[in-house]
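I opened a notebook for this chain. The entries below follow the order in which I looked things up.

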Amino acid sequence: MRINRLPSSGHTTPSPPASPRRSPRYRHGRGKPGGRFTPVGPPGRANLAHRLAWLFLSVLLRRQGIFLFAPLIYISGMLLYMGTVSFDVVPVIKHRPAPGSVYRSPQVYAKLKPEMDADNSSSDAISTIWKASHKGVEWKPCVKRSSGELPESNGYISVEANGGLNQQRISICNAVAVAGYLNATLVIPNFHYHSIWRDPRLIRISPFANRLSFDAPPAVQRLRCLANYEALTFSSPILTMGETLVARMKERSANHGGKYISVHLRFEEDMVAFSCCVFDGGEREKEDMKEARERGWKGKFTKPGRVIRPGAIRINGKCPLTPLEVGLMLRGMGFDKNTYIFLASGKIYNAEKTMAPLIEMFPNLQTKEMLASEEELAPFKNFSSRMAAVDYTVCLHSEVFVTTQGGNFPHFLMGHRRYLYGGHSKTIRPDKRKLALLFDNPNIGWRSFKRQMLSMRSHSDSKGYELKRPSDSPYTFPCPDCMCRANKSNAT
């Protein structure tokens, strides 16, 4: 009889129903001390936690709730027994950088180098890359020079040719076009200072490089072509120096038929700083770039609210290629280590470190400083525009031109090369977004990497000649404003 220990409320509380009969499989514990189901006790040497766990388990086993809580009890007991429970654990969420956002090219180089060095299957890319001619369409220069007398001038135009070498070139060509269109006299600009004119008929435009639309009337375009491709030449000392270096490059590459490739590399300190990209230079690089940005663009990169995302810049293909990346790309494209390369560049950032892998991959690499003596370069060395003009000349006459960053220098070169080589620029323009992904994959194999590079190479200049669209520059696309079809009668 069960006794109700609660105070009586005047009502009779019925007794609870009897417990259901146990399954026969649990009856084997009857007659033994400790109840129907007495678990075997732990070893005598078990610690206190072990003993408490067994005691707690034996008590719960007497209740029907064991079927609900048995899994939880078992796991908790095991964790407690193994000593792995920690109540101050905070979950750590690891964010993996987006593919292509981190500079991992040195790791990729280390991974690919053994297979790359052992690869003897590459054909002579410098001779075969543009072996297939584009039949049916050939172009030739067709800029006509006027031999008649000039009419009386309507006045004078003075422009300020701002910027670097090729931006100044744009200014001059555009100014010639405007002066001719207006029948005015163009005052030769002085690039070191601006003259003060008092002539009331004078029109003074400053700056002038990008003031004239690329989509101009045919008469204006023809004047641009005449100025850029026929009238403008470098001064005799620069032209002589450039041609001397071209001859030396051809002499050194005589075993390749005098053919060499030129690479425009933009990895100078100011370019690296302006890009805001992060490479593998650590704290030294961080401090160097900080000082360079403040020195060149005081306050521009530290304005309140300005957020710089190096990873996003790299993913978008805006980071300048390092010398190591240029070397990997070219080896993947089939240029073997015996290829002669002329490197057009300013002072490379941290050159002792960054140039080492490129020279290792291409020991026949040359620069103007390597081709000429200090005495020969002395008249040009302290003038960046003169040094750029020497580079321009050597690149102009190379078999293949490789651009890595864009800008006026490669754009003018592509147009000039098209003008000289029947409408074909023979220029490799890498897909830098794709390269960012490939250089961020340390597990990539050489065969896979090479296949991707050969595909990228095949897309460079794959159209042969390219016609200028309305928004394109005539200085990059001279067809059809500056060139005519050489075999027009045979073209369909």
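In which sense do strand E5 and strand E8 pair, and over how many bridges? I found that E5 (residues 261–264) and E8 (residues 400–403) pair in the parallel sense, over four bridges. Strands (E, at least two residues) and helices (H or I, at least four) are DSSP runs, numbered from the N terminus. Two strands count as paired if DSSP finds at least two bridges between them.

Before going on, I noted that this is a predicted model, in which local features need pLDDT of at least 70 and side-chain atom pairs count only at pLDDT 80 or more, while totals for chains, interfaces and linings use all residues. I also noted that residues are numbered from 1 along each chain as its sequence is written, and that side-chain values use heavy atoms, with hydrogens and water left out.

**Entry: the whole chain**

I counted 19 helices and ten strands. Of the 492 residues, 39% are buried; buried means under 20% relative accessible area, exposed over 50%, and partly exposed in between (1.4 Å probe, protein chains only). I then looked at contacts, meaning heavy atoms within 4.5 Å. Among those between residues at least 6 apart in sequence, 78% join residues at least 24 apart.

**Entry: the sheet**

I followed the sheet around E5 and E8. Five strands form an open sheet with parallel pairing, in the order E7-E6-E5-E8-E9. Strand E7 (365–366) and strand E9 (427–428) are at the edges, each with a single partner strand, so one side of each has no neighbour in the sheet.

I went through the pairs one by one. Ile261 has Val400 in E8 as its bridge partner, and Ser262 has Phe401. E6 and E7 run parallel and are joined by two bridges, with Ile341 opposite Leu365 in E7. E8 and E9 also have two bridges, in the parallel sense; there Phe401 stands opposite Thr427 in E9.

Next I checked side-chain directions. In a regular strand the side chains alternate between the two faces of the sheet. In E6 (residues 341–344), Ile341 and Leu343 point one way, Phe342 and Ala344 the other, and all are buried. In E8, Val400 and Val402 point one way, Phe401 and Thr403 the other, and all are buried.

**Entry: the cores**

Which residues have the most contacts inside the largest nonpolar core? I listed Leu328, Leu330, Phe335, Ile428, Phe449 and Met453, in a core of 51 residues. A nonpolar core is a set of buried Ala, Val, Leu, Ile, Met, Phe, Trp, Tyr and Cys residues joined through side-chain atoms within 4.5 Å. Helix H11 (residues 323–332) gives the most to this core, with five residues. Another core, of 30 residues, lies apart from it and includes Tyr260, Leu377, Met387 and Phe409.

I then took Leu328 alone. Leaving aside neighbours within four places in sequence, Leu328 is in contact with residues including Ser105, Val108, Tyr109, Leu112 and Phe449.

I looked at H16 (residues 384–396). Its 13 residues reach 18 Å from first C-alpha to last, close to the 18 Å expected at 1.5 Å a residue; the expected span is 1.5 Å times one less than the number of residues. The buried residues of H16 include Met387, Asp391, Tyr392 and Leu396.

Helix H5 (residues 165–182) holds Asn166 and Asn174. Is Asn166 buried or exposed? Asn166 counts as buried because its relative accessibility is 6%. Apart from neighbours within four places in sequence, Asn166 is in contact with Tyr392, Asn408, Phe409 and Phe412. Asn174 is also buried, at 0%. Its side chain makes a polar contact of 2.6 Å with the side chain of Tyr475. A polar contact is a pair of N or O atoms within 3.5 Å; within protein, one must be able to donate a hydrogen and the other to accept it, and residues adjacent in sequence count only if both atoms are side-chain atoms.

**Entry: loops**

I found a cis peptide bond between Cys479 and Pro480, with omega about 5°. Pro480 is in the loop between helix H19 (446–459) and strand E10 (483–485).

Asn183 has a positive phi, near 55°, in a residue other than glycine. Asn183 lies in the loop between H5 and strand E3 (185–186) and is partly exposed, at 26% relative accessibility.
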